[in-house]
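Dear colleague,

I am handing over the structure below, and I would be grateful if you could look through it alongside the notes that follow.

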Amino acid sequence: MGISGFHEVLRKARLSEDVDVNDMVNRVGTRIAAAANKPEYQWEFVVIQDDRSINAFALPGGKVAVYTGILPVCKDEAGLAVVMGHEIGHVAARH
């Protein structure tokens, strides 16, 4: 269910082409996912280009999206880790 919902969102969204931002989100997400110790999940991290959406979300199975609008609020990798850790926590706890 999470995978199909994730792909539905991605069909409608514009993904960021910023290599540095994508690398940062994947780097931070991969580290947090490893700490979550859910190897059965197929973790995937994407950045949606939408500077007006100050948000991120996660769906069952390990699908995580970060909107570019939240990045200025995060300020750096530590701030992004707080946001992504929150989202990954939802997935790990099966909320």
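**What was found**

Thr30 is found in helix 2, where helices (H or I, at least four residues) and strands (E, at least two) are DSSP runs, numbered from the N terminus. Thr30 is partly exposed, with a relative accessible area of 47%; here buried means under 20% relative accessible area, exposed over 50%, and partly exposed in between (1.4 Å probe, protein chains only). Between Thr30 and Glu44, which are 14 residues apart in sequence, the C-alpha to C-alpha distance is 8.6 Å.

This is a predicted model, in which local features need pLDDT of at least 70 and side-chain atom pairs count only at pLDDT 80 or more, while totals for chains, interfaces and linings use all residues. Residues are numbered from 1 along each chain as its sequence is written, and side-chain values use heavy atoms, with hydrogens and water left out. The mean pLDDT of the chain (the predictor's confidence in each residue, from 0 to 100) is 93, and 97% of the residues reach 70 or more. Among the elements of the chain, the lowest mean pLDDT, 84, belongs to helix 1 (residues 2-12), and the highest, 98, to helix 3 (residues 71-74).

The sheet is open and is formed by 3 strands in the order 1-3-2, with mixed pairing; two strands pair if DSSP finds at least two bridges between them. Strand 1 (44-48) and strand 2 (56-59) are the edge strands, each pairing on one side only. From one strand to the next the twist averages 15°, with axes being lines fitted to C-alpha atoms (for helices over the stretch in contact) and angles running from 0 to 180 degrees between N-to-C directions.

Strand 1 pairs with strand 3 in the parallel sense over 5 bridges, and Phe45 stands opposite Val64 in strand 3. Strand 2 and strand 3 (residues 63-67) are antiparallel, paired over 4 bridges, with Phe57 opposite Ala65 and Ala58 opposite Val64. The hairpin of strand 2 and strand 3 has 3 residues between the strands, and in this hairpin Gly61 takes a positive phi near 95°.

Helix 2 (residues 19-36) lies across strand 1 and strand 3, at about 145° to strand 1. Helix 4 (residues 77-92) packs on the sheet, touching strand 1, strand 2 and strand 3 (contact means heavy atoms within 4.5 Å), and its direction makes about 25° with that of strand 2.

With best regards
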